[in-house]
Amino acid sequence: MAPNRALRVAVLSREANYSTARLVAEGEERGHVVETIDTTRCYMAINALAPDVYYDGKRLPRYDAVIPRIGASITSYGTAVVRQFETIGTYCINGSAGITQSRDKLCAHQLMARHKIGMPNTAFAASPKDTDGLIGLVGTAPLIVKLLESTQGKGVVLAETKKAAQSVIDAFRGLKANFLVQDFVKEAAGEDIRCLVVGGKVVAAMKRTGAEGDFRSNLHRGGSAQVVRISKAEREAAVKAARVFGLKLAGVDLLRSEGGPKVLEVNSSPGLEGIEKASGKNIAGLLYDHIETHVRPQPVRRRKTD
C-alpha cells in the first residue's frame, strides 16, 4: 500500500470543462497538489541521462501521477507528452499506447477482434473498387459508415438502403477519407450503454438515448442519459475492453443486441459530467481512490549545492 501522504498530480488538459474542474477540485479536497497542464505548451528534452518535460520555459516538477485528458485534435503530440512522462517513470492513469490504439478506430476494432470482444460486423478498405463487396462483408442495409477520425458522433452516417450506402462510400472515397462500414444493430433502437471503468471495475453505467430522429446517442448531440443496471456479460465485456487497451480510466460504449453486448468504442478520455449526474456517483473520487492505492509519492529533488 502507498503511504497516506499528499500527492502531486498533473491533469493534462487544454479545456477548462466540467471533467477537468472536477479532477482538480476532488484532488485538492483530499489534500493533494493538482495542477492543470496545457498539453500543447509542453516540450521535451529527449535523452538517455535526464529526460524531462518543460512548460513555459521551466522544467516541470516530478509528479506522482498524471491524468491525461488528450483531445482528438492533438492525439499525436498529446501521446508523445504522455510517453515522455512514462519515460521519466511517472504513473500515468492511461498510457500513450492505450490512448493511441483506442483513438484509432481501425486499430481498436482489430485489437478487439483479436481478443474475441463482441462488436458489430465491420469492414475496412482504403480504396476498394468493389463497393458491393465491401457492403457484403458487413451484411445488408441499413449500414453505418464511419470516418476513422470521427468523435462525439461527427462523421457517422446511417445509410438506410444499399443505394444510399454506395453513395456515402463513394463520397467518402472521393474525399480520400478513411472510413469503416459497420452493421447497424436495429434492436438497439438508438440507445447505447456507457460503462465507466476505473481500475478494472465498472463503477457506473448509464443508458444514452439519441435525440428525436437521431440514431446517434451522444450527449454532445442532444441525447439524454439515465442510470441503468447492466448484465454480467455487459460488465465483463466493458472490463475486458478496457484491459485490452491497458486503460485504468475508460468509457466503454456498447449496444444491446440479440447476440449479446457489442462494443462500439473505448474512450480513453471519457467525460465525467453525464455519468456523474446520471449515476449520482463521485467518479472523480473513485479515480483518486485508485491513484492513492497505486502511487507512492516521489521524493523531492534537491539541487546540489557547492
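A residue counts as buried when its relative accessible area is under 20%. The model shown in all of the views below is predicted.

**Figure 1. Aromatic pair of phenylalanine 172 and phenylalanine 179.** Phenylalanine 179 has 0% relative accessibility and is therefore classed as buried. Phenylalanine 172 is also buried, with a relative accessible area of 11%. The structure holds 3 aromatic pairs. In the pair shown here, the ring centres of phenylalanine 172 and phenylalanine 179 are 5.9 Å apart and the ring planes stand at 55°, so the arrangement is tilted.

**Figure 2. Aromatic pair of tyrosine 63 and phenylalanine 85.** Among the 3 aromatic pairs of the structure, the rings of tyrosine 63 and phenylalanine 85 have centres separated by 6.3 Å and planes at 65°, and the pair is therefore edge-to-face. Tyrosine 63 belongs to the loop between strand E5 (58-59) and strand E6 (65-68), whereas phenylalanine 85 belongs to helix H2 (residues 75-88), so the pair ties together parts that lie 22 residues apart in sequence. Tyrosine 63 and phenylalanine 85 are both buried.

**Figure 3. The largest nonpolar core.** In soluble globular proteins, nonpolar side chains tend to be buried together. The largest nonpolar core contains 25 residues, and the members that touch the most others are Cys195, Phe245, Val252, Val263 and Val266. Two or more residues are given to this core by each of helix H4 (105-114), strand E12 (191-198), strand E13 (201-209), helix H7 (232-244), strand E15 (249-257) and strand E16 (260-267). Of these elements, H7 gives the most, with 6 residues.

**Figure 4. Surroundings of cysteine 195.** Cysteine 195 is buried, with a relative accessible area of 0%. Leaving aside residues up to four places away in sequence, cysteine 195 touches Val202, Ala204, Ala205, Ile230, Ala238, Ala250, Gly251, Val252 and Leu254. Cysteine 107, by contrast, is partly exposed, with a relative accessible area of 25%. The structure holds 0 disulfides.

**Figure 5. Valine 197 in strand E12.** Valine 197 is found in strand E12 and, at 0% relative accessibility, counts as buried. Apart from residues up to four places away in sequence, the residues touched by valine 197 are Val202, Ala238, Val239, Ala242, Lys248, Leu249, Ala250 and Val252. One of these, alanine 242, is 45 residues from valine 197 along the chain, and the C-alpha atoms of the two residues are separated by 7.0 Å.

**Figure 6. Salt bridge of aspartate 253 and arginine 208.** Side chains of opposite charge can pair when their charged atoms come close. A salt bridge joins the side chains of aspartate 253 and arginine 208, with an N to O distance of 3.1 Å. Because aspartate 253 lies in strand E15 and arginine 208 in strand E13, the pair ties together parts that are 45 residues apart in sequence. Aspartate 253 is buried at 5% relative accessibility, and arginine 208 is buried at 6%.

**Figure 7. Salt bridge of glutamate 234 and arginine 256.** The closest N and O atoms of glutamate 234 and arginine 256 are 2.6 Å apart in this salt bridge. Glutamate 234 lies in helix H7 and arginine 256 in strand E15, so parts that are 22 residues apart in sequence are tied together by the pair. Glutamate 234 is buried, with a relative accessible area of 6%, whereas arginine 256 is partly exposed, with a relative accessible area of 35%.

Figure 8. The whole structure contains 18 salt bridges. In one of them, the side chains of arginine 30 and glutamate 26 meet at 2.9 Å, N to O. Arginine 30 is partly exposed at 29% relative accessibility, while glutamate 26 is buried, with a relative accessible area of 6%. Both residues belong to a network of salt bridges that links Arg22, Glu26, Arg30, Glu276, Asp289 and Glu292.

**Figure 9. Buried residues of helix H3.** Helix H3 (residues 96-103) has Ser96, Gly98, Ile99, Ser102 and Arg103 buried. The buried residues of H3 pack against E6, H2, H4 and E16.

Notes
Residues are numbered from 1 along each chain as its sequence is written. This is a predicted model: local features need pLDDT of at least 70, side-chain atom pairs count only at pLDDT 80 or more; totals for chains, interfaces and linings use all residues. Side-chain values use heavy atoms; hydrogens and water are left out. A nonpolar core is a set of buried Ala, Val, Leu, Ile, Met, Phe, Trp, Tyr and Cys residues joined through side-chain atoms within 4.5 Å. Buried means under 20% relative accessible area, exposed over 50%, partly exposed in between (1.4 Å probe, protein chains only). Helices (H or I, at least four residues) and strands (E, at least two) are DSSP runs, numbered from the N terminus. Contact means heavy atoms within 4.5 Å. Rings of Phe, Tyr and Trp (its six-membered ring) pair if their centres lie within 6.5 Å; planes under 30 degrees apart count as stacked, over 60 as edge-to-face and the rest as tilted. A salt bridge is a side-chain nitrogen of Lys or Arg within 4 Å of a carboxyl oxygen of Asp or Glu. A disulfide is a pair of cysteine sulfur atoms within 2.5 Å.
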